[in-house]
Amino acid sequence: MKQEVLLNINGSPYEIMVAPNDTLADVVRRKLGMTGTKLGCEQGDCGTCTVLIDDKSQLSCLTLAIACEGKDIRTIEGLESNGSLDPVQQAILEKNGVQCGFCTPGVIMSAKGLLNDNPTPTREEIKVGLSGNLCRCTGYEKIIEAVEAVVDGEYSAQAKTQIGAE
Amino acid sequence: MDDMVRDFSIVGQSIPRVEGFDKVTGRAEFTDDIDLHGMVYAKVYCSPVAHGKIKKVDISKAEKYPGVLAVITGDECPKKYSVNDLLPTETALAVDKVRYFGEGISAVAAISEQIASEAVELIEVEIEELPAVVTAQESAEQTDNLIHQEYPNNTNHTAEQIFGDVDDALVRADVVVEETFYTSMVNGGFLEPQSAVADYDPGKKKMTVYNCNQLAHMLQHTVAKTIDMPLDDIRVIIPNVGGGFGGKTEATPSVLITCLLSRKLGRPVKLTYGRDESIFQNKGRHGCHLTLKLGFNNDGTIEALDLNVLLDGGAHSGWGFVVLWFIAALTHLPYTVQNIRYNGRRVYTNKPSPGAQRSFGGVQARTAVESCFDMAAEKLGINPYELRMINAVETGYKAPSVVEVRHAEFKKCLQSVAERSDFVNKHGKLPRGKGIGLAAGHYSSGGAFLLYNSTRAHSTANIRVDTEAGATVFCGVTDIGQGSTTVMTQVAAEVLGIPVRKVNFICQDTLLAPMDNGTMDSRATYGAGHAVKRAAIDAKQKLLEVAGAHLGIRVEQLECKDERIYSIYDDNRFIGFWDSVTMYQDVIGTCFGTGDYTPPQPRGDYPGKIIGPSPAFGFTAQIAEVDVDLQTGLLKVEKYYEATDCGQAINPASVEGQVEGGVVMGLGQALIEEIVVDRKGRVLNPNFHDYKIPTTMDMPEFDSEIVDAYDPTSAYGGKEVGEAPTGPVCAAVMNAVYDAIGVRITDVPITPEKVFRAMNGQHSRDLELETTTIGFANAKYKGD
Amino acid sequence: MYLPRFQYLAPAGEAELASMLAEHGDKARILAGGTDLLVQMKAPGLWPDYLIDIRNVAELSSIEFDDQDGLTVGASAKLENILNTPAVAERYHGLYQAIETIGARQILTMGSMGGNICNASPAADSPPALMSFNAQVTIGSTQGDKEMALEDFIRGNRKTALGVGEYLKSIFLPAPAAKSGSAYHYFRVRGGMEIAMVAAAVYVEADLADKSLKDIKIVLGVVGPTPIRALEAEDMLTGQTPDEDLLAKALGSCAAVSKPIDDFRASAEYRREILKVLVQRAFGEAYTIATS
């Protein structure tokens, strides 16, 4: 039986009909058109679907939407603000930590979750913190460098960004 | 080297990906993100059996399930297809027979994915199971259990290539080494599972296909021929691709199934594979048995190379024909051996079919050659680094295969890694358990198998420069994450002297972009790069003429930079670039340019001559430092040195990213990846839980360098880097393990158990046949 | 990949949970973090009619430590919260090590130790460590609570002692002795997101005077359908000051009682060899902590 739930996503209230077996990933992607959250395996083995729930990184493919009422849900769409990128987004973009881009939203949300808990992780802690996100393109090196750069203060909050070289 | 030639503004800059903003914000659209009006969803019934005759497929219950709109079986489209029509064996859905575990037998279209999945459960299939043929060796011996009736001995193809006189050379050689190797069947592991949306317009009778594919035009061809529609009624649009690595060059059944259903229903149909289906469709790397003999003189010069290859082709043809010949080409280069013999055979097995994967044929070749080089080095008493340097190709080398290496800084790569790692002082001298290993390789750049077997241009670019949009380039090469769009944008921007954000790159669309061989075989930077540069120059020339007339300066004395067209003798005499464009528009018309590229025709007259030759080659040298836990055999690759000759790096950060990604992919195969099937051909690890690709915790410490190089035959001096780095990784690790424990492991993945047993005197080659690709489920060591 | 259809229930407290379970019996499964259950439901086979989500049952998520009594962890307490409990890192080192390896960050924030135990995978990380601390579990139902040793609770591959209408309430670990040490060592091939191929948990209490072993628990993980207490090895070592020969005998005994499988990841023979190495290393670490 479908029921109406109120989901707080990226700071906005969404009233939607969900079936008990709808995952949060499917709801944001299919019902709300927020396709930034991607699906790599749907079995909890790749981290691609990672979102933040109450500031903690979680797998949206193994989260029931119906169980998310009253929680603060953040997807990748919630990070950027009208062209101003979150420091982690900016760092990943500028340090070339993005290639095909499919793992990228999950990686960024995972990094945000890590930094929420520990704003000054060491390189090793960054690697452990991101070990739940698979990437096949980058070999991870530039992703780690990007997060290190954020930790080092190279990217301040919500800096403006320009697309392409100027 | 003329310094003026390399005084670039934008080429050589590590600019962020031009589509990067969209990717980091989640805006970038991938195939499964597409939502069209009236779109419905397809799911596939996958065969639970690896080999069998289909007796009955009863779709009646599925058809009646509420919400189901159509159900199809193999009879809907029994036409066989393949890559470029080479030895076609595959069908959209199984017809009469299933040949691999997970093969699609029937497909349902329904109003939701949930309903489609539930309806698939209602399909009833009866299969008369046949014995599954699961290893290449068994397959080669079959006379009656044929996977494809028309291929006796299950042999898909054989290849033989001979240059010089190998037998004579082996006799003359002072040292001969021989060894047998096995490189595993691995999967591309791209994070985006294959997905397709087909949108048939019943009014115009035209089909639009959205698919994460690397070769838009080849896909267009395959669809047209297979479902029998006119080529120009089909439009292929490729959204962002979540990784391809070669595995998305072929048309997967997902595309054909959605086209068939869409045409039947007159509305859009989407099919996205689960991870398991993605692994069943595979199109990853061929498992390969290699027996290699190398003959050397006492002074270290290589005399002879004799290679036998048995390639495990899985259930279908695909790229197999090409891989078989490619291994031949990738084996003797990058060394100067003159006497070469190659014998290859590709057989079918009842396993998910391999196709093309990064360093296609290169991993197999390098694993054997680089390991044997080390074996020879030991016998000769020459350091492995020295032995490479003695035989490494240089610019201008002409191989016996009549292939010319027109540019090479291969020796620089070898020197670079040897120096940075202090290889010569470490090799053979580290404490037991620690090892250092060298391996090197190369890959073709800009070549690629002809799509049409004609002299048609491999890449064409059209450009339109106007004040309404800027400079808009139309070119068919696909960005699969390797950064081709950014590189092409940099090339166009460099030629025209305008900022990157004024360049629009329209690719990946057969309606808008001219025919292109696409993204494969590392041809984008070199091949499409040439086309884009030529097109931009063509447009630039027209603008220079107008500018010249306005300024009273000859065209040859004008240059474009910083959005100006100026005199090279007096940069105070200039006109704004866009003012020149305006003038051109007003006086002459819209400014267009076009350019194309075709590599030189392969020369020589020998079997397989069209596969392997390339206008350029990228080179790599690599050194792995490993640490073996002597109690458990657990192997850690602590540090990895790499040096790349990719000519001029158009975008250095992108090059580094390709190296790092390519090496880690190689380490995955070297240590932890393998598609495992049981004796019945059932895939045991069709998920990311058990098919393990490297995580952040598996990274080595990287130390990589782009050696200073510039290939004058390339548009801006650049060559490939997408594939060479993956080739030698298995061999580097094998050589390092030998250095660490004194035992040579000759098959991958190099699991801790293999290392442990090797340290205890049991070698993988003593395993009975069943283990390769079947994992240790049936491991039996001689004497157990 | 779709979850089969089910009805979703979210009890507000334990009493409601117990009565829902009593009502629906084996047609219901409890949902905690979902990181095991939902994965299994996406594969064919597991299709409960009801999922009872315990996220609102506050009584089940608490973590309490008392210096005299010990540590009580509610069944649904998140793994991350257990790791962040100072007493766990300080007094139950082996358990800390085990929980850290259960999964990557996302699993630690979503998953629970109760779920890890109730899923009863032979490769689960927390059970061997818990058993080395003599863990007890409390089971609830409408009939009231009952207690049993964890080693009796885990019955087999994915089988626990939970009967129809019963649920895991909490896990209790007695306070470890003042001079004790513990460790959990595992063997895995990939560096992250990996289940253990073999594991060993050791708890040691030592006499500081002669360094003899007053108490030792050795639990072998992943080498049988359930974790195995190496009782014979423990007997050999209790009261003794361990030397190389004694240890070697004890390791041999561990290998002898283990029942590892042959599968495509590794052979049984190899797993036995690794087991010995892990027990040795876990013992070494625990003993060093205990005698320092």
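## Chain B and its partners

In helix 10 of chain B, Phe373(B), Asp374(B), Ala376(B), Ala377(B) and Leu380(B) meet Pro384(B), Leu387(B) and Arg388(B) of helix 11 of chain B; two residues are in contact if their C-beta atoms, placed from the backbone, lie within 7 Å. Please keep in mind that this is a predicted model, where local features need pLDDT of at least 70 and side-chain atom pairs count only at pLDDT 80 or more, while totals for chains, interfaces and linings use all residues. Residues are numbered from 1 along each chain as its sequence is written, and chains are lettered from A and ligands numbered from 1 in the order in which they are written.

- The contact of helix 10 with helix 11 of chain B consists of six nonpolar, no polar and two charged residues (Ala, Val, Leu, Ile, Met, Phe, Trp, Tyr, Cys and Pro count as nonpolar, Asp, Glu, Lys and Arg as charged, and the others, Gly among them, as polar).
- Helix 10 (residues 362-380) and helix 11 (residues 384-391) of chain B pack at an angle of about 110°, with their axes 9 Å apart; axes are lines fitted to C-alpha atoms, for helices over the stretch in contact, and angles run from 0 to 180 degrees between N-to-C directions.
- Helix 10 and helix 11 of chain B are therefore roughly perpendicular to each other, a term for angles of 65 to 115 degrees.

**Chain B as a whole**

- Chain B has 19 helices and 28 strands, which are DSSP runs numbered from the N terminus (helices: H or I, at least four residues; strands: E, at least two).
- Buried residues make up 65% of the 784 residues in chain B; a residue is buried if 20 or more other C-beta atoms, placed from the backbone, lie within 10 Å of its own.
- The C-alpha trace of chain B spans about 90 × 75 × 50 Å along its principal axes.

**Domains of chain B**

- Chain B divides into domain 1 (34-132 + 194-272), domain 2 (287-350 + 362-446 + 605-778) and domain 3 (453-597), with bounds from an automatic or database domain assignment.
- Between domain 1 and domain 2 of chain B, the C-alpha centres lie 36 Å apart.
- In chain B, 15 residues of domain 1 are in contact with 13 residues of domain 2.

**Contacts between chains**

- Chain A gives 47 residues and chain B 52 residues to their contact.
- Helix 2 of chain A gives the most to the side of chain A that touches chain B, with four residues.
- The contact of chain B with chain C takes 22 residues from chain B and 17 residues from chain C.

Methods: Angles under 35 degrees count as roughly parallel, over 145 as roughly antiparallel, 65 to 115 as roughly perpendicular and the rest as oblique. A residue is buried if 20 or more other C-beta atoms lie within 10 Å of its own, exposed if 12 or fewer, and partly exposed in between; C-beta atoms are placed from the backbone.
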